[in-house]
Amino acid sequence: MIEILKEINQKLLKKHKDKEEELKKYQLIQKILEIKDCFKTMKIEDAYAILRDLQIPEEKLKQVYIDLIN
Amino acid sequence: MENVISTKKTVQEFLEQYQSEVYETTIDFQNYSIPISLFISFFDLTNPEFNNLCSNHNITTINDIPKEHFIYAACEFIKTQKILETFNIPQNMIIRYQELLTQQKIDFEALNQYLTTSDTLHKKIAINDNLRAKILSEIPQNISILEKLIYIYIKMCKLFTYDDEYIAAKNQEFIFEKHKDLNYISKITPENNRIVCFEFNIIYAKLLEELGIHFKSNYKDADTEAYGLNHVKLKYRVKKFIIQADSVTSILRGDLVKSKLNEPLIGLKCINKNLTTQQEFQNIVTKVYERIIEQEKKQGVYQETLPELLKEYNELTTNKKEISNSEKIEILTTKLNNAKLVGIDAISYTVQLIEILFQQAELNRNIAATLIGNYSPNHPEKNAETEMILTCNETDINTAEWQNIYYYVNSKNQIMQVSKEFLIEKFQNKEFDYLEEQDRIPGL
């Protein structure tokens with residue numbers, strides 16, 4: 001699952017390469033996703049925000065999150 | 001009624017005995033001969049004069065003697081001459097003496113401590129040149145000795161990692177023997193950086209000595225120097241600071257790990273009783289830590305921590321929203337019911353989940369986890385089991401307790417919603433009980 005999120009983030013990095021703030025946000029997400037077990041350490045509100053930024057549909061957030069904290 | 005006759009001498013007798021006498025002492029290698037009448041005058045000051053003398057940093061001497069030395073001598077005189085046991089001293093003098101001993105009015109605790117080093121083993125080791133360069137080459141020159149020692153400690157923590165082979169070694173003596181061998185120290189390099197507490201301590205000790213600092217390792221006593229047997233740490237002194245250095249207070253969460261995450265250190269601490277001194281030391285550690293981080297950023301080797309990244313991320317995202325407690329509870333119950341854990345493992349996992357699902361304010365207001373003992377356990381071979389009750393409330397578990405929802409997490413890691421009445425009955429039947437006197441389930 002984390003690899004899928006990294007791929008999604010890569011696409012969003014390319015998409016937003018000309019928008020400074022958006023680019024910075026996805027660069028931060030890229031660094032966060034590289035940290036081992038990041039979703040098992042951060043608060044759920046931060047996790048959901050990242051998943052929303054990665055354009056995971058709202059109705060799927062809970063299940064994706066449950067899978068991530070396995 | 002038996003009459004209790006005091007065997008103590010009077011104040012008058014005290015004055016007669018000591019008024020004209022001189023007290024001789026040595027403090028930090030400085031010899032003093034101090035008229036005892038000066039001590040008497042000191043303890044006889046008015047409250048404002050006494051407090052000002054102790055706490056005013058602009059007053060550095062008393063009768064041309066460094067203030068801390070004078071007060072140390074005064075207290076030493078009272079103690080060594082058993083003044084309180086021998087004489088009926090006025091109460092205000094006793095109170096002042098006892099106040100001074102707490103070290104909170106003025107800190108003289110470090111005096112006469114760590115003036116020499118009795119450890120010897122550090123003299124027998126050699127530090128690899130590359131390792132030495134890695135630790136010391138970027139040390140700023142315009143910093144104090146204390147800051148240098150803190151810098152060295154942090155750099156060493158960042159360089160070394162705890163030897164996981166040693167943890168897993170069990171009965172493999174050769175692994176233990178390697179770490180007990182002083183000759184092994186010279187083989188430790190920036191690349192061969194797996195160590196245990198023995199090596200960290202002795203390398204740090206050697207560098208302390210090179211900087212002119214005296215120290216004492218905990219394995220050194222009057223007769224022996226038992227290196228390599230038990231956990232090792234050391235203490236040293238720089239001016240008024242007494243410092244303890246223990247890079248492995250915990251293998252998994254000690255400073256060898258924390259330094260790499262740029263988290264606050266727990267193993268390098270000022271052990272003076274004076275709270276102001278402790279805070280001063282902490283401020284110096286923070287300053288040195290920040291300096292090292294700045295160096296790492298300039299070199300491009302700085303690893304941002306997750307909290308730092310999230311802080312930056314939160315400034316840029318517009319997608320952070322509240323999540324309802326009911327959704328959090330649903331996630332918690334789903335995870336628990338699917339986890340293949342039992343007993344304490346299950347409880348530990350529950351606690352970990354609660355920490356990431358709930359904000360701190362919610363932990364105090366919307367959810368509580370209470371450990372209980374189950375004295376009618378399901379397990380046939382056990383007399384008791386540790387289980388957990390979760391109390392949840394969208395409003396407040398303490399002030400709106402009629403809305404509390406209770407979940408029972410049993411030893412088989414099954415989580416089920418239960419009623420307040422169920423819990424009351426279990427406690428009344430003594431099937432359940434609290435583990436600690438002060439524990440309570442909110443609303444029960």
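Let's start with one residue. Asp119(B) counts as buried, because 21 C-beta neighbours lie inside 10 Å. The cut-off for buried is 20 or more. One word of caution before going on: this is a predicted model.

Where does Asp119(B) sit? Asp119(B) is in a loop of chain B, between helix 6 (91-101) and helix 7 (129-136). Leave out residues up to four places away in sequence, and Asp119(B) touches Ala205(B), Phe215(B), Lys216(B), Ser217(B), Lys220(B) and Glu225(B). Then take Ala222(B). Asp119(B) and Ala222(B) are 103 residues apart in sequence, yet C-alpha to C-alpha they are 9.9 Å apart in space.

Step back to the whole of chain B. Chain B holds 18 helices and 15 strands. Of its 444 residues, 27% are buried. Take the contacts in chain B with a separation of 6 or more: 62% of them come from residues 24 or more positions apart.

Next, a helix pair inside chain B. Helix 8 covers residues 145-159 of chain B, and helix 11 covers residues 197-210. Their axes are 11 Å apart, and the packing angle is about 150 degrees. That makes helix 8 of chain B roughly antiparallel to helix 11 of chain B, since angles over 145 count that way. The crossing of helix 8 over helix 11 of chain B is right-handed.

Which residues meet there? From helix 8 of chain B, we have Leu149(B), Ile152(B), Tyr153(B) and Met156(B). From helix 11 of chain B, we have Phe200(B), Ile203(B), Tyr204(B), Leu207(B) and Leu208(B). By class, this contact between helix 8 and helix 11 of chain B has 9 nonpolar residues, no polar and no charged.

Stay with helix 8 of chain B for a moment. Its buried residues are Leu149(B), Ile150(B), Tyr151(B), Ile152(B), Tyr153(B), Ile154(B), Lys155(B), Met156(B) and Cys157(B). Note that a lysine, Lys155(B), is one of them. What about its span? Helix 8 of chain B has 15 residues, so at 1.5 Å a residue it should span 21 Å. The end C-alpha atoms of helix 8 of chain B are 21 Å apart, which agrees.

Two loop residues in chain B deserve a look for their backbone. The loop between strand 1 (22-27) and strand 2 (30-35) of chain B holds Asp28(B). Phi of Asp28(B) is near 50 degrees, a positive value in a residue other than glycine. Asp28(B) is partly exposed, because its C-beta neighbours inside 10 Å number 14.

The other is Lys239(B). Lys239(B) lies in the loop between strand 8 (234-238) and strand 9 (241-245) of chain B. Phi of Lys239(B) is near 55 degrees, again positive in a residue other than glycine. Buried or exposed? Lys239(B) is exposed, because 9 other C-beta atoms lie within 10 Å.

On to chain A. Chain A has 5 helices and 0 strands. Along the sequence, the pattern of chain A reads α-α-α-α-α. Buried residues are 26% of its 70 residues. Among contacts in chain A between residues at least 6 apart, 43% join residues at least 24 apart.

Helix 1 of chain A runs over residues 2-15, which is 14 residues. From first C-alpha to last, helix 1 of chain A reaches 20 Å, close to the 20 Å expected at 1.5 Å a residue. Helix 1 of chain A is hardly covered, with a buried count of 1 among its 14 residues.

Finally, the two chains together. How many residues take part? On chain B, 19 residues are in contact with 24 residues of chain A. Helix 14 (306-316), helix 15 (325-338) and helix 16 (343-357) of chain B each supply at least two residues of the chain B side. Helix 14 of chain B gives the most, with 6 residues. By class, the side of chain B that touches chain A has 9 nonpolar, 4 polar and 6 charged residues.

One helix pair bridges the chains. The axes of helix 5 (residues 61-68) of chain A and helix 15 of chain B come within 11 Å and cross at roughly 40 degrees. That makes helix 5 of chain A oblique to helix 15 of chain B. The crossing is right-handed. Lys62(A), Tyr65(A) and Ile66(A) in helix 5 of chain A meet Glu327(B), Ile331(B), Thr334(B) and Lys335(B) in helix 15 of chain B. By class, the contact of these two helices has 3 nonpolar, 1 polar and 3 charged residues.

Notes:
Residues numbered from 1 in each chain as written. Chains lettered and ligands numbered in written order. Predicted model: local features only at pLDDT ≥ 70, side-chain atom pairs only at ≥ 80, totals over all residues. Axes fitted to C-alpha atoms, helices over the stretch in contact; angles between N-to-C directions. Helix = DSSP H or I, 4+ residues; strand = E, 2+ residues; numbered from the N terminus. Parallel < 35°, antiparallel > 145°, perpendicular 65-115°, else oblique. Left-handed = near helix turned anticlockwise from the far one by under 90°. Contact = placed C-beta atoms within 7 Å. Nonpolar A, V, L, I, M, F, W, Y, C, P; charged D, E, K, R; others polar. Expected span 1.5 Å × (residues − 1). Buried ≥ 20, exposed ≤ 12 C-beta atoms within 10 Å, placed from the backbone.
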